[in-house]
Amino acid sequence: MRRTSDGFGGVVAELVKIRRLTGQEGQQLPRIVRRGSTNTVRYRRAMVLLASAGGNRVPVIARLVQADEDTVGDVIHRFNQIGPACLDPRWGGRPSPPAQP
């Protein structure tokens with residue numbers, strides 16, 4: 001859950017909610033969860049989004065998927081920005097070596 005200032009020096013939790021799912025998204029997310037996707041990251045992110053779409057709040061979802069509340073909020077925010085593409089992991093690491101001639 002995001003924290004914002006209340007203007008009086010205190011901190012207030014910002015409510016994080018998923019946007020309305022399209023028909024295709026509404027079919028894709030349950031399919032990923034039902035199949036128990038081989039990609040754990042996609043599976044857990046789909047669980048987060050379905051739980052949010054079901055009206056659950058961030059702390060409840062965080063307990064469900066055993067993740068930090070900030071991580072859950074980040075997944076929801078990212079989905080609201082870019083849609084289902086947020087399900088795919090963004091791995092860092094080293095860049096690929098240059099192609100050999």
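The model is predicted, with local features requiring pLDDT of at least 70 and side-chain atom pairs pLDDT 80 or more, while totals for chains, interfaces and linings use all residues. Residues are numbered from 1 along each chain as its sequence is written, and side-chain values use heavy atoms, without hydrogens and water.

**Exercise 1.** Determine which residues of H1 are buried and what they pack against.

*Solution.* Next, sort by relative accessible area, where buried means under 20% and exposed over 50% with a 1.4 Å probe on protein chains only: Glu25, Leu29, Ile32 and Val33 are buried. Viewed down the axis of H1, these buried residues lie within an arc of 95° (taken from the directions from the helix axis to the C-beta atoms), so they line one face of the helix. On the other side of H1, Gly23, Gln24, Gln27, Arg34 and Arg35 are exposed. Finally, the buried residues of H1 pack against helix H2 (40-53) and helix H4 (69-82), contact meaning heavy atoms within 4.5 Å.

**Exercise 2.** Identify the element that gives the most to the lining of the largest pocket.

*Solution.* Start from the 17 lining residues, of which Val41, Arg45, Thr71, Val75 and Cys86 are the closest to the centre of the pocket. Then assign them to elements: H2 and H4 are those that give two or more residues to the lining. Of the elements, H4 gives the most, with 6 residues.

Definitions and conventions: Helices (H or I, at least four residues) and strands (E, at least two) are DSSP runs, numbered from the N terminus. On a 1 Å grid over the protein atoms alone, a cavity is a set of points where a 1.4 Å probe fits but cannot get out, and a pocket is an open set with protein on both sides within 12 Å along at least five of seven lines; lining residues have an atom within 4 Å of a point.
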